[in-house]
Amino acid sequence: MNEEYWQPEIETMPRKELKELQLYKLRQTIKTAMNSPMYKKRFKELHITPDSIKTLDDIRKIPFTTKQDLRDNYPFGLVGGDMKDAIRIHSSSGTTGHPTVVVYSKHDIDSWANMIARNMYMVGCRNTDIFQNSSGYGMFTGGLGFQYGAEKLGATTIPAAAGNSKRQIMFIRDFGTTCLHAIPSYAIRLAEVFQEEGIDPRSTKLRTLFIGAEPHTNEQRLRIERLLGVKAYNSYGMTEMNGPGVAFECKRQNGMHLWEDNYIVEIVDPQTLEPVPDGETGEMVLTTLDRTMMPILRYRTRDLTRIIPGECECGRTHRRIDRIKGRTDDMFIIKGVNVFPMQVEKILIQYPGIGSNYLITLDTIDDNDIMTVEVELDDMKSDVYPELQKMTKAIQRSLKDEILLTPKVKLVKKGSLPQSDGKAVRVKDLREGRM
Ligand code: DLL
């Protein structure tokens with residue numbers, strides 16, 4: 001396999017130099033963070049300054065940052081740059097109460113776009129390629145994130161946005177799309193529509209897929225590759241860390257290179273929060289190194305993964321993380337939307353006559369991911385049919401407003417859902433290939 005690099009000096013930087021670069025950037029990052037209301041207070045209490053960081057291991061003197069910290073300091077409490085330099089805000093779905101907000105300067109947007117261009121180049125995309133993005137545009141980072149990255153690469157971009165599969169296929173055929181960004185569940189849906197329309201995806205120019213934003217197994221990836229006749233590369237990221245682009249597979253498709261010039265990665269035991277050795281699974285903790293507006297230090301991602309030990313044949317020196325194996329909290333992702341069971345609960349309790357026992361079932365039917373919310377009724381209500389129907393519809397609408405997708409809602413008799421003695425099991429995931 002011939003290797004070409006977007007930024008050879010950075011991508012293949014000897015590890016010793018890479019660590020020196022990280023140390024330098026970490027100190028800069030602390031300097032910026034010290035101007036933010038949240039970190040200013042925190043660092044003062046703990047006497048942390050750039051000078052307290054003498055080696056990379058000293059990062060452990062810095063406390064973790066959590067999603068709760070971002071919510072408590074909503075919206076701009078982590079901003080360390082000057083707001084007059086802010087040019088964009090993104091926010092993440094899947095939070096109850098305040099969303100998680102990230103603010104970007106021009107530098108931050110450029111740096112993020114460069115990282116995505118680096119990823120696309122790594123798997124063979126060039127400025128002659130035609131890139132189509134089936135991600136939702138707007139506050140979700142998969143839209144504009146990839147858009148700016150693909151433009152930076154110089155590809156011709158088609159910001160098709162989410163949904164309307166027949167139109168996606170029309171664009172793929174008419175515009176000669178060669179590479180596509182899709183969440184894995186949507187890639188499967190698209191393959192199904194190709195089949196329904198009687199079109200062989202292999203008759204198009206589509207060859208490369210970037211898939212991410214939700215967990216998927218290697219079997220699902222192989223299925224996507226087989227159905228669409230493409231190579232599908234895993235792409236990891238999260239809003240708090242910019243969005244997509246944080247880690248990406250190279251042509252070896254054996255783990256995702258995490259860009260260590262822009263992030264420090266730690267894997268910790270989720271219970272003790274102590275580091276685990278390379279190769280062992282734990283919770284990933286990330287620190288931004290190249291953000292001038294809103295740095296985040298030691299962010300607990302809640303994602304479980306491991307560092308893949310050893311060097312990659314591609315020659316890149318940035319370490320690889322394994323496919324995400326799960327989360328340490330109860331968040332689940334369906335059709336690319338992040339959902340916490342608490343969000344569902346919050347809606348259900350607003351309805352009189354509804355009991356407190358509920359169950360969310362996730363299933364794949366005809367290659368489509370479906371979410372069903374079953375909730376127990378209080379005794380009296382259960383036989384007034386028109387009223388029940390009205391309430392089902394109303395709950396469905398409120399859930400849609402809260403979680404941005406429409407689940408099936410079933411009101412069931414009191415006592416008919418499983419009861420648990422310990423921690424209630426709120427989510428049953430029956431989707432194909434779930435771990
Ligand atoms: O999903 C950013 C993104 C967009 C990544 C497009 C890749 C492609 P959030 O909505 O903030 O951001 O969700 C972040 O999604 O903590 C993981 O749990 C999950 N996730 C993201 N990428 C992957 C992946 C975007 N490749 C959360 N495999 C993260 C498994 C993923 N899970």
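Of the 64 residues in the largest nonpolar core, Met120, Phe210, Tyr236, Leu258, Met284 and Leu286 touch the most other members. A nonpolar core here is a set of buried Ala, Val, Leu, Ile, Met, Phe, Trp, Tyr and Cys residues joined through side-chain atoms within 4.5 Å. Buried means under 20% relative accessible area, exposed means over 50%, and partly exposed lies in between (1.4 Å probe, protein chains only). Helix 5 (residues 106–122) supplies the largest share of this core, 8 residues. Helices (H or I, at least four residues) and strands (E, at least two) are DSSP runs, numbered from the N terminus. Apart from this core lies another, of 25 residues, among them Val339, Val344, Ile347 and Leu388. In soluble globular proteins, nonpolar side chains tend to be buried together.

The model is predicted: local features need pLDDT of at least 70, side-chain atom pairs count only at pLDDT 80 or more, and totals for chains, interfaces and linings use all residues. Residues are numbered from 1 along each chain as its sequence is written, and side-chain values use heavy atoms, with hydrogens and water left out.

Return to methionine 120. Leaving aside neighbours within four places in sequence, methionine 120 is in contact (heavy atoms within 4.5 Å) with Cys125, Phe131, Phe146, Gly149, Ala150, Leu153 and Phe210. Phe146, Gly149, Ala150 and Leu153 are among the buried residues of helix 6, which also include Thr141, Gly142, Gly143, Gly145 and Gln147. Helix 6 (residues 141–153) has 13 residues and should span 18 Å at 1.5 Å a residue; its end C-alpha atoms are 18 Å apart, so the two values agree. The expected span is 1.5 Å times one less than the number of residues. Just after helix 6, glycine 154 takes a positive phi of about 95 degrees.

Next, serine 165. This residue lies in helix 7 (residues 165–175). Serine 165 counts as buried because its relative accessibility is 12%. Its side chain makes a polar contact with the side chain of tyrosine 186 (2.9 Å). Such a contact is a pair of N or O atoms within 3.5 Å; within protein, one must be able to donate a hydrogen and the other to accept it, and residues adjacent in sequence count only if both atoms are side-chain atoms. Beyond four places in sequence, serine 165 is in contact with Tyr186, Arg189, Leu190 and Val193.

Four strands form an open sheet in the order 20-19-18-21, with mixed pairing. Two strands pair if DSSP finds at least two bridges between them. Strand 20 (408–412) and strand 21 (427–429) are the edges, each pairing on one side only. The twist averages 20 degrees from one strand to the next. Strand 18 and strand 19 run antiparallel, joined by 9 bridges. Isoleucine 365 has asparagine 368, in strand 19, as its bridge partner. Helix 10 (residues 341–348) packs on the sheet and touches strand 18, strand 19 and strand 21; its direction makes about 135 degrees with that of strand 18. Helix 11 (residues 385–403) lies across strand 18, strand 19 and strand 20, at about 135 degrees to strand 20. Axes are lines fitted to C-alpha atoms, for helices over the stretch in contact, and angles run from 0 to 180 degrees between N-to-C directions.

Finally, the backbone. Most residues other than glycine have a negative phi, and most peptide bonds are trans. Aspartate 367 has a positive phi near 65 degrees. Aspartate 367 sits in the loop between strand 18 (354–365) and strand 19 (368–377). Arginine 302, in strand 12 (residues 299–305), has a positive phi of about 75 degrees. A cis peptide bond joins tyrosine 74 and proline 75, with omega about -10 degrees.
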